[in-house]
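Please brief me on this structure, topic by topic.

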Amino acid sequence: MDDLDQPRPRWGWLGLAAIAALVAVTTVVAGLWAISVTVRTGFGSPWQVVTAVAGAAVFWGWISGGAWRRAREPEPDPLAPLPVPRRVAYVLANAALALLVTGFVAVGLWAGITDARDSARLDKVRTRLEVAARRVDLGVAEIEKLEPEWQSWLVLAWDDNPPSTDPVAELLGVSGVQTRDLVVGNGRAAVLFEPDEGPPCVVLDIDEHDIVSTRTTNRC
């Protein structure tokens with residue numbers, strides 16, 4: 001067959017094939033990065049990341065392959081019946097579906113990575129607070145003695161020249177957090193800390209046996 005007999009490429013379909021292939025490759029690269037972050041931090045499900053990336057890559061690979069096949073198809077026979085034309089709404093619906101699939105995958109990956117980073121960050125804060133509390137042998141009695149002093153510091157903190165550090169932070173010696181509340185009652189105590197990076201916050205709980213534990217909360 002001569003070169004003149006070869007079907008002329010359809011540049012619109014070739015462009016779509018190239019764009020879809022680029023999106024598929026970008027999805028795979030971003031997915032590999034997401035998997036590495038998930039495995040390194042230990043938070044999140046690598047299987048969910050693999051499933052999402054594989055689904056998006058197959059979808060856009062299918063789009064790219066279909067567009068490439070359309071781009072290389074021979075021109076229709078002028079004597080053959082014309083195919084039923086596809087309406088603009090059909091094309092727009094498929095384009096919207098492709099954007100929705102990509103958007104859902106991107107949002108899912110972003111949410112997973114953000115949640116893993118927040119969990120890792122808060123776990124470090126919780127560990128530091130628990131270690132500091134055990135190092136100074138912090139108990140309910142110590143919190144009861146510290147409460148009036150902290151309340152006084154809280155009032156003075158509204159002045160133009162507040163004390164440099166609050167009593168709780170000075171006692172524990174933990175940087176990167178701020179004391180937001182302190183509650184003592186019924187033989188128990190709880191101290192609310194807000195990390196400098198912002199919420200979620202960490203609560204340091206001390207039970208009636210002076211056993212220290214921590215938990216996270218969005219109510220800062």
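Predicted model: local features only at pLDDT ≥ 70, side-chain atom pairs only at ≥ 80, totals over all residues.

Residues are numbered from 1 along each chain as its sequence is written, and side-chain values use heavy atoms, with hydrogens and water left out.

Four strands form an open antiparallel sheet. Helix α4 packs on that sheet. Strand β3 is largely enclosed by the rest of the structure.

**Sheet layout**

- The strand order is β1-β2-β3-β4, with antiparallel pairing. Two strands pair if DSSP finds at least two bridges between them.
- Helices (H or I, at least four residues) and strands (E, at least two) are DSSP runs, numbered from the N terminus.
- The edges are β1 (177-185) and β4 (212-217); each has a single partner strand, so one side of each lacks a neighbour in the sheet.
- From one strand to the next, the twist averages 20 degrees. Axes are lines fitted to C-alpha atoms, for helices over the stretch in contact, and angles run from 0 to 180 degrees between N-to-C directions.
- Helix α4 (residues 140-156) touches β1, β2 (188-195) and β3. The direction of α4 makes about 115 degrees with that of β1. Contact means heavy atoms within 4.5 Å.

**Strand β3 and its hairpins**

- β2 and β3 pair in the antiparallel sense over five bridges. Within this pairing, L192 has V203 of β3 as its bridge partner.
- Five residues separate β2 and β3 in their hairpin. In the turn, G198 has a positive phi of about 105 degrees.
- β3 (residues 201-206) pairs with β4 over six bridges, again in the antiparallel sense. L204 stands opposite T214 in β4.
- The hairpin of β3 and β4 also has five residues between the strands. There D210 takes a positive phi near 60 degrees.
- Six of the six residues of β3 are buried, so the strand is largely enclosed. Buried means under 20% relative accessible area, exposed over 50%, and partly exposed in between (1.4 Å probe, protein chains only).
- C201, V203 and D205 point one way from β3. V202, L204 and I206 point the other way.

**D205**

- D205 lies in β3. At 18% relative accessibility, D205 counts as buried.
- The D205 side chain makes a polar contact with the side chain of R215, at 2.6 Å. A polar contact is a pair of N or O atoms within 3.5 Å; within protein, one must be able to donate a hydrogen and the other to accept it, and residues adjacent in sequence count only if both atoms are side-chain atoms.
- Beyond neighbours within four places in sequence, D205 is in contact with A189, A190, I211, V212, S213 and R215.

**Nonpolar core**

- The largest nonpolar core has 23 residues. Such a core is a set of buried Ala, Val, Leu, Ile, Met, Phe, Trp, Tyr and Cys residues joined through side-chain atoms within 4.5 Å.
- L129, V168, L172 and F193 touch the most other members.
- α3 (88-135), α4, α5 (167-172), β1, β2 and β3 each supply at least two residues of this core.
- Not counting residues up to four places away in sequence, F193 touches L129, V168, L172, V177, Q178, T179, C201, V202 and L204.

**Aromatic pairs**

- The whole structure holds two aromatic pairs. Rings of Phe, Tyr and Trp (its six-membered ring) pair if their centres lie within 6.5 Å; planes under 30 degrees apart count as stacked, over 60 as edge-to-face and the rest as tilted.
- F59 and W60 are edge-to-face, 5.6 Å centre to centre with 90 degrees between the planes. F59 is buried at 17% relative accessibility, and W60 is buried at 11%.
- F59 and W62 are tilted, 6.3 Å centre to centre with 50 degrees between the planes. They sit three residues apart in helix α2 (residues 46-72), so about one helical turn separates them.
- W62 is exposed at 59% relative accessibility.
- Ring pairs link F59, W60 and W62 into a cluster.

**A54 in helix α2**

- A54 is found in α2. It is partly exposed, with a relative accessible area of 38%.
- The C-alpha atoms of A54 and V28 are separated by 7.8 Å, and the two residues are 26 apart along the chain.
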